[in-house]
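Could you walk me through this model in the viewer, one selection at a time? I would like to know what to click on next and what I will find there.

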Amino acid sequence: MSGPILLASNRGPVSFTLSDDGSLTMRRGGGGLVSGLSEVSRDIDLLWICAALSDGDRGAVRLAPGGRLDHAGFDTGAVRMLDIPPATFHRAYNTVANSTLWFVHHLLYDTPNRPQFDARFRRDWESYQAYNEAFATALGEEAPHEARVMVQDYHLSLVPAMLRGERPDLRVAHFSHTPWAPPEYFSLLPDDLRVELLEGILGADRAGFLTARWAGAFMDCCETVLGARVDRVHRTVTHGGRTTRVGVHPLGVDGEALWARASEPDVESHMAALRDQVGDRRLIVRIDRTELSKNIVRGLSAYREFLAAHPEWHGRVVHLAFAYPSRHDLPEYREYTAAVQRCAQEIEDEYATEDWSPLILNVDDDYPRSLAAYRLADVMLVNPIRDGMNLVAKEGPLLSPGSALILSREAGAAAELGENALLVNPFDVSATAAAIHRSLIMPEADRVRMGARLSAAATALPPRRWFTDQLAALG
């Protein structure tokens, strides 16, 4: 960990809310990436560079010299927020990162209708370039000689090459927290953009991924699109006269910290309330954002088909679904949240009785309540269409060691957890319904044995080790 380290990500470790009276209130930043990285940013010489996401953030930046929030709190180390023009940020973040790159890497497009790359998109791409340039400039300004720079995720795919051009003395790593699309799907993007994205990441000394599958897809794209020389045994990509090493670093959970938080009084209170609501019935739990890739509607449909096929379970089981709204500034996400609510209501209308609600849907984000649900779960349902890792699949079995895990084979976590989970094709509703039944009738000894193995795998690479392993590999 010795020596200066710079970390760059879209979302930072703190955020600010602007009150009606003009005062600013600070709180910890949200999102799984921030939560994981915040754990490793303590007690090290770290500068975290992020974007100002809200009016409150921009207000805080304008009050701080150079956007430096060196005493931001929460043990985050020094923070520099970038006040990127709101219109530029919107086009870069919503239109390119979340509505294009996210859709490509998660294979989400309805291709008869989308994507369509026209003159308007080219303007949006210019904003994405400007957004990445702002990060590269700030990193170049802040980084001491031969510092190590850790660039995070698909929002900042162009930063490594931009930074390499200005500061070749730096050691730069880029890490992708999403899947990576195979070449045939990556080729939906315009030809010049494909090249720019790949060469952007190849500006790094090291490109990291959560699983060997995503790393392999990236190398396949480099070979197919760029004609790069790829060594899959040693995981290197040579292009444009330099070589980038490709690393695989699965991300796990900090078991001790998670259990400590899950044992606090607010979680215990939620557990008591849920027990009163559910009684002694078996509990199937899912916890997700209403993100298109999470596949919530098919999961609910599978539960509905299970109830239709197994009336003996009526009154004996409850599905607790926490589906927290996500990206509601995008119309596709608003409609998907509405579809989740419609499907849930249909299940209630069809099967509910005076003394039994088969499904409890919550759409309000409540972390302590989620931890309580984990602890009470008999079955965890995690069925994404495609996911870089999916930490829910690791957190759930850790907090409920005797529970069964139904897991999509398309989640990155399947590479580590698959042997002790019930793997399903996320598009096969009937197979998922059958897995729900198998999980409920699984002998307790089998659930306990598999749960112990799931917990061990989930905690094998906690965030601190995940981060330090990458630093060591970067050199």
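Which residue lies over the face of phenylalanine 103? Select arginine 114: it lies over that ring's face, 5.3 Å from the ring centre (a charge counts as over a ring if Lys NZ or Arg CZ is within 6 Å of the centre and within 35 degrees of the ring normal).

A word on the ground rules: this is a predicted model, where local features need pLDDT of at least 70, side-chain atom pairs count only at pLDDT 80 or more, and totals for chains, interfaces and linings use all residues. Residues are numbered from 1 along each chain as its sequence is written, and side-chain values use heavy atoms, leaving out hydrogens and water.

Next, select phenylalanine 322, where the charged end of arginine 369 sits over the ring, 4.8 Å from its centre.

Now show the open sheet of 6 strands, ordered β14-β13-β12-β15-β16-β17 with parallel pairing (strands are DSSP E runs of at least two residues and helices H or I runs of at least four, numbered from the N terminus; strands pair if DSSP finds at least two bridges between them). Its edge strands are β14 (359–362) and β17 (422–424). Zoom in on leucine 320, which stands opposite isoleucine 360 in β14.
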